[in-house]
Amino acid sequence: MFSFYKNWRVRRILRGYRIPDALWGSVMHEERSIRHLADADLKRLRDLASLFLYEKSIESARGFEITDAMKARIGCLAALPVLNLGLDYYRPWYSVIVYAEAFVSRDYYQDDAGVVHSQPEARAGEAWARGPVILSWDDVVSARDGYNVVIHEMAHKLDLLDGVANGYPPIHADMQRRQWTAAFSEAFDNLTANIEAGRGTGLDEYASTSPAEFFAVASEAFFTSPRVLQRECPRVYEQLALYYRQQP
């Protein structure tokens, strides 16, 4: 990752497609989740976001007008989780589809009798296994501590690198599967127990939906409210720091 500037193709792309100063300044003003980064890291983030926008198509849905400022913000947030990993982690998909607001998707489930049902559900984002990332712009700009739809969906994409959304992305060789599984299983069980008991939780309760959603919600918290995650789920924070190779 740190040697990618040596690639002549990357240098050429950045000369022509680096996010302009004015747009990047606007992103830095709007996005609290990146303000902790050192100047050198912010420079790399800007370049990685620029390359993301070069490689991925940002497409509108239902005639929604997407500006360069919107693209820059999406590119920045998408690049943040892979700042120290690289864009290869976002293979092999090519587009981001943006709705003006929450969109309706169909949720399929199978009952105990084996009958498959379908019901409409309003969503802020989706990440398809071999397809696009879908976002609601209203939810992108509604980001707050513990909630960031772009980071959430990018976490799903990382989880899906092995083809399965199960809260266990392919981890690095210097990490231990046993430690990851123990940390996330314990935190998931504790969250579920607290919700059932009516106790408050530091994480969005949507994390209790499944291990895949727990990983995505924990990733949101890792980048947008790291102190809360470290207090509530210290072992999960530790594993995410190892995985993302960051200490927000």
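Colleague: What is the accessible surface of the protein, and how much of it belongs to carbon and sulfur atoms?

Modeller: The accessible surface comes to about 12,700 Å², and carbon and sulfur atoms hold 48% of that area. Such areas come from the Shrake-Rupley method with a 1.4 Å probe; for residues, only the protein chains shown count as cover. This is a predicted model, in which local features need pLDDT of at least 70 and side-chain atom pairs count only at pLDDT 80 or more, while totals for chains, interfaces and linings use all residues. Residues are numbered from 1 along each chain as its sequence is written, and side-chain values use heavy atoms, with hydrogens and water left out.

Colleague: How many helices and strands does the protein have?

Modeller: There are 10 helices and 6 strands. These are DSSP runs numbered from the N terminus, with helices (H or I) of at least four residues and strands (E) of at least two.

Colleague: How do you know whether the protein is as compact as a globular protein of that length?

Modeller: The radius of gyration is 18 Å, close to the 18 Å that the globule rule gives for 248 residues, so the protein is as compact as a globular protein of that length. The radius is taken over C-alpha atoms, and the rule is 2.2 Å times the number of residues to the power 0.38. Along its principal axes, the C-alpha trace spans about 55 × 40 × 30 Å.

Colleague: What makes the pair of tyrosine 99 and phenylalanine 103 stacked?

Modeller: Rings of Phe, Tyr and Trp (its six-membered ring) pair if their centres lie within 6.5 Å; planes under 30 degrees apart count as stacked, over 60 as edge-to-face and the rest as tilted. The structure holds 18 aromatic pairs. For tyrosine 99 and phenylalanine 103 the centres are 4.8 Å apart and the planes at 20°, so this pair is stacked.

Colleague: How do you know whether phenylalanine 184 is buried or exposed?

Modeller: Buried means under 20% relative accessible area, exposed over 50%, and partly exposed in between (1.4 Å probe, protein chains only). Phenylalanine 184 has 7%, so it is buried, and phenylalanine 215, at 0%, is buried as well. Tyrosine 99 is buried at 19%.

Colleague: What is in contact with serine 50, leaving aside its neighbours within four places in sequence?

Modeller: Serine 50 is in contact with Leu14, Tyr17, Arg18 and Ile19, where contact means heavy atoms within 4.5 Å. Serine 50 sits in helix H3 (residues 39-55) and, at 1% relative accessibility, counts as buried.

Colleague: Why is arginine 62 called exposed?

Modeller: Its relative accessibility is 75%, so arginine 62 counts as exposed. Arginine 245, by contrast, has 43% and is therefore partly exposed.

Colleague: What is the phi of arginine 62?

Modeller: Arginine 62 has a positive phi of about 55° although it is not a glycine, and arginine 245 has one of about 60°. Most residues other than glycine have a negative phi, and most peptide bonds are trans. The bond from arginine 91 to proline 92 is cis, with omega near -10°.
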